Structures are given as structure tokens and as C-alpha cells.
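This report covers selected salt bridges and a strand pairing. The sequence and structure are shown first.

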Amino acid sequence: MDSKTKAQQFVEGFSKLSKTEKINWIVKQYFDGDQQVFKEFENYWHKDPSQQKLYDEFSENTLTNYYMPFGVAPNFLINNEVYTLPMVIEESSVVAAASKSAKFWRDKGGFHAEVLDIQKIGQVHFMYSGDKAILQEFFKMLKPKLIRDTHSITRNMKKRGGGILDIELIDKTNDLENYYQLRASFNTCDSMGANFINSCLEKFAEVMRAEAGEFAPFDIYKEPVVDVVMSILSNYTPDCIVRVSASCTLEELVDAVPGMGGREFADRVVRAVKIAEVDPYRATTHNKGIFNGIDSVILATGNDFRAVEACGHTYAARNGRYSSLSHADINGNIFTYSLEVPLSVGTVGGLTNLHPLVKRAMNMLGNPNAEKLMMIAATAGLANNFSAIKSLVTDGIQKGHMKMHLLNILKTMDASFEEVEAAKKYFTDNVVSYPAVRNFLISVRSNS
Ligand code: MEV
């Protein structure tokens with residue numbers, strides 16, 4: 001029976017096994033005890049056991065490490081400062097596209113980025129079936145107590161200039177019977193702030209429950225009327241947002257694409273972006289291209305790409321139809337390409353202090369604070385998006401992609417250096433596909 005058809009087994013107490021025992025179990029269950037597979041897992045362990053322990057402990061049930069390319073895209077000019085962006089990404093051509101875009105905009109003034117706001121949001125979701133006016137009265141009494149009773153949690157953040165910005169009572173009963181929220185906004189300075197926000201929210205919930213039990217006007221109800229459902233930050237942070245743009249004159253676009261006028265190129269780009277603004281199918285792919293750049297920087301700097309993606313897509317749908325996050329326009333003689341995206345990131349805490357390569361990524365960026373990192377990541381998004389659109393409205397993306405694809409195929413077929421060089425030449429004018437490359441190699445090999 002091969003590993004595909006073998007019956008899957010449940011296992012008890014797996015997390016209590018040692019790492020070797022876990023790998024042995026996997027190898028026995030899925031690879032017929034093949035010791036080569038054990039060795040493969042082992043080969044990707046860090047040679048220094050203390051370093052390996054660090055990676056093991058980032059997560060649970062760790063067997064080995066999963067390599068991803070850590071690349072760099074140089075020549076970014078952002079707010080008149082030069083950066084080389086660290087990018088962790090498995091998709092070939094993302095780093096190349098970012099680098100091309102950086103070079104393209106570098107002698108046109110570069111990218112201009114600004115953080116518009118840095119508020120994060122957390123919610124205590126609760127049910128309340130009593131009189132609305134009494135709840136308002138309760139909240140008035142409660143709010144200062146929530147601030148006071150979270151003092152031990154917020155003290156340090158306040159010293160750094162952050163903390164709780166506001167707490168509101170939100171009536172959601174039009175959406176769901178008896179449903180209300182405490183919605184709090186926070187400034188978490190240079191940390192992403194998930195732990196800080198969640199600790200505050202859980203304290204809010206505890207205080208609210210206790211105070212509701214003591215609040216005399218609620219005595220008219222026989223049962224407790226405030227029922228907390230859950231307390232958790234929201235990854236939707238539309239007010240933790242950054243804007244980045246790049247502009248130039250139409251004349252400066254003359255050389256953008258050989259043989260195409262600056263005006264024609266700009267018109268094509270604007271039209272392509274307008275399509276992403278009105279069509280969700282196109283917008284999804286368009287925004288995916290933006291997140292190629294953003295996620296690469298977010299991963300390299302040890303931030304939470306799931307949170308960043310989820311937030312970006314919600315923001316893209318904020319007006320009721322999923323739409324493009326970037327925009328392009330021509331105003332008089334000026335072409336502008338811009339992106340507005342919410343980005344909740346941290347430059348202290350979490351992986352930033354632990355992962356050796358995250359530390360190096362941060363060093364390369366000049367150890368930015370969270371606002372600077374927001375601007376850098378958003379710029380990567382805009383750069384990748386611009387490169388994709390530039391290709392799409394001119395040559396298409398396959399030409400560039402296929403070059404990388406060819407190299408990957410050749411690698412899987414163990415092509416020698418000479419074979420790779422010959423293939424590169426041959427496939428300049430021929431369509432790249434697995435069968436075509438295989439046939440090419442067969443014919444080269446049979447002639448040698
Ligand atoms: C591929 O990873 C990303 C693109 O599809 C983005 C786009 O279509 O705009 C090229």
C-alpha cells in the first residue's frame with residue numbers, strides 16, 4: 001500500500017512524544033518506515049541544537065524546518081531614503097518584479113508614503129435583553145472603571161505613548177437580537193498589540209460581569225441580563241492605515257515600454273486598474289499581486305501575514321463590493337499610482353526579537369518602528385502591483401514567468417550547466433512547457 005492509499009490512523013498523546021518519536025510515528029504511518037524519509041526530516045534541522053530548539057518552540061509538534069527563500073529587492077527610494085527590502089516568498093518573479101519597479105521609480109522621485117492613523121480595535125461581544133436606556137446608564141458608570149481596572153495592563157504602554165484610546169457601547173440589535181459590543185480602540189505603539197489588546201478586553205469582560213451583578217437598576221430583572229459571549233481583538237483595522245504613491249510626468253513614461261508613448265502607457269495602466277475597481281474577479285487577482293509584495297516583507301520581518309491579508313481584503317470590500325486596493329490616475333500631465341491599505345504590524349515583541357533572520361531583516365531596514373514598517377511593506381505592495389500591471393498591459397506576464405518556470409523545470413530534470421544554457425537559448429523563441437523541456441533535454445542528451 002503506498003502512502004496515498006494507506007488508512008489514516010488516529011493517535012493519542014502525540015504531543016507528549018519526543019521529536020524523534022514523532023518523526024518515527026510519521027515515517028511508520030506514511031512512509032512504510034523508510035529511514036531515508038527520517039533522514040530527510042533530520043537534514044533540515046539546524047546544525048546548532050540550541051538554535052533548533054528555538055525553531056522547535058515557535059510552534060507545536062515541530063518535526064523539522066521548512067525552508068523558504070529569503071531574498072532582497074534593492075533600490076527602493078521611499079520618502080527620500082534608500083532601502084533594500086528583505087522578502088520571504090516562494091513564488092519566482094516576485095522579488096524580480098519588486099526590484100524592477102523600485103528601479104523604475106527611483107529616478108522619478110521614488111515612493112511617497114504616509115501613515116494616516118494607527119488605531120487598533122478590540123471587542124467584547126455580549127448579549128443584553130433588558131431596557132436600552134438602563135444599559136446606557138450602566139455603560140456610563142462602567143467606562144471609567146474599565147479604564148481604571150486595566151491600569152496594571154496599560155501602564156507600560158501608556159509610558160510609551162499608547163494605551164486605550166476610547167471605549168464605546170455599540171448597539172448591534174438590528175443585526176442580531178440582543179447583541180451589543182464594547183468596542184475599544186487602542187494605540188499599541190510599535191507592537192502589533194494582540195496580547196495587550198486581548199488582555200485588556202478580557203479584563204473589561206470580567207469587570208463588566210462583576211459590575212452588572214452590583215448595578216441596582218438591573219435588579220428589576222430576575223436573571224443576569226449581561227451575558228458576555230467573547231472578548232477578542234479585531235483584525236480589521238481600517239484606522240491603522242498607510243498610503244503610498246508614486247508620480248511622474250507623462251514624458252517620463254516615454255521609455256516605460258519601448259515603442260509605446262507615455263500617454264498610451266499611462267492610459268493602459270489606468271484602464272487596467274479601473275477594471276480591478278469594478279470587477280471583483282479581477283480585483284482579487286490584482287490585490288493578490290499587491291499582497292505578493294506586502295506578505296513577502298511581512299514574513300521577512302516576522303509579522304502576521306494572515307492578519308494583514310484578512311484585514312486588507314475586508315478593507316477592499318468596505319463599500320459593499322470587493323474592489324482594487326490600488327488606484328491610478330492622470331491629472332493634467334501627471335500620472336499617479338497609489339495604494340491605501342490597512343496594515344497592523346509590530347517591530348517589537350513576537351518573532352521580531354527571536355528569529356535570527358527577522359532580526360537581520362530589521363537591521364537591513366534600519367530597525368524601523370511600526371509606522372516605518374507599515375510604509376515599507378505598503379511600498380512593496382505598490383511596487384509589485386505596478387510591475388504586474390505594467391507587464392499585463394504590454395507583453396503579458398508569461399514571458400517573464402516562463403523564464404523562471406523554465407529554470408525550475410530544468411532543476412527538476414537535473415539539467416547540467418551546459419543543458420541549462422542551451423535550453424535558455426532554445427526557449428527564447430519556443431513555448432515553455434514540461435513536455436517541451438523534457439523533449440528538448442532528451443534530444444540534447446541523445447546527441448551528446
Ligand atoms: C501573480 O502572482 C500575480 C499577478 O497575477 C497579479 C495581477 O494579475 O495583477 C500577476
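## Arg445 and Glu419

Arg445 has a relative accessible area of 37%, so this residue is partly exposed (buried means under 20% relative accessible area, exposed over 50%, partly exposed in between, with a 1.4 Å probe and protein chains only). Glu419, at 12% relative accessibility, counts as buried. Arg445 forms a salt bridge with Glu419, and the closest N and O atoms are 2.8 Å apart. This pair links distant parts of the chain, 26 residues apart: Arg445 is in helix H15 (residues 434–447) and Glu419 in helix H14 (residues 417–426).

## Basis

The model is predicted: local features need pLDDT of at least 70, side-chain atom pairs count only at pLDDT 80 or more, and totals for chains, interfaces and linings use all residues. Residues are numbered from 1 along each chain as its sequence is written, and side-chain values use heavy atoms, leaving out hydrogens and water.

Helices (H or I, at least four residues) and strands (E, at least two) are DSSP runs numbered from the N terminus. A salt bridge is a side-chain nitrogen of Lys or Arg within 4 Å of a carboxyl oxygen of Asp or Glu. By this rule there are 17 salt bridges.

## Asp56 and Lys19

Asp56 and Lys19 form a salt bridge with closest N and O atoms 2.9 Å apart. Asp56 lies in helix H3 (residues 49–56) and Lys19 in helix H1 (residues 19–31), so the pair ties together parts 37 residues apart in sequence. Both Asp56 and Lys19 are buried.

## Strands E1 and E2

Strands E1 (residues 70–78) and E2 (residues 81–88) pair in the antiparallel sense over seven bridges (pairing requires at least two DSSP bridges between two strands). Ile78 has Glu81 in E2 as its bridge partner. The two strands form a hairpin with two residues between them, and Asn79 in the turn has a positive phi of about 50°.
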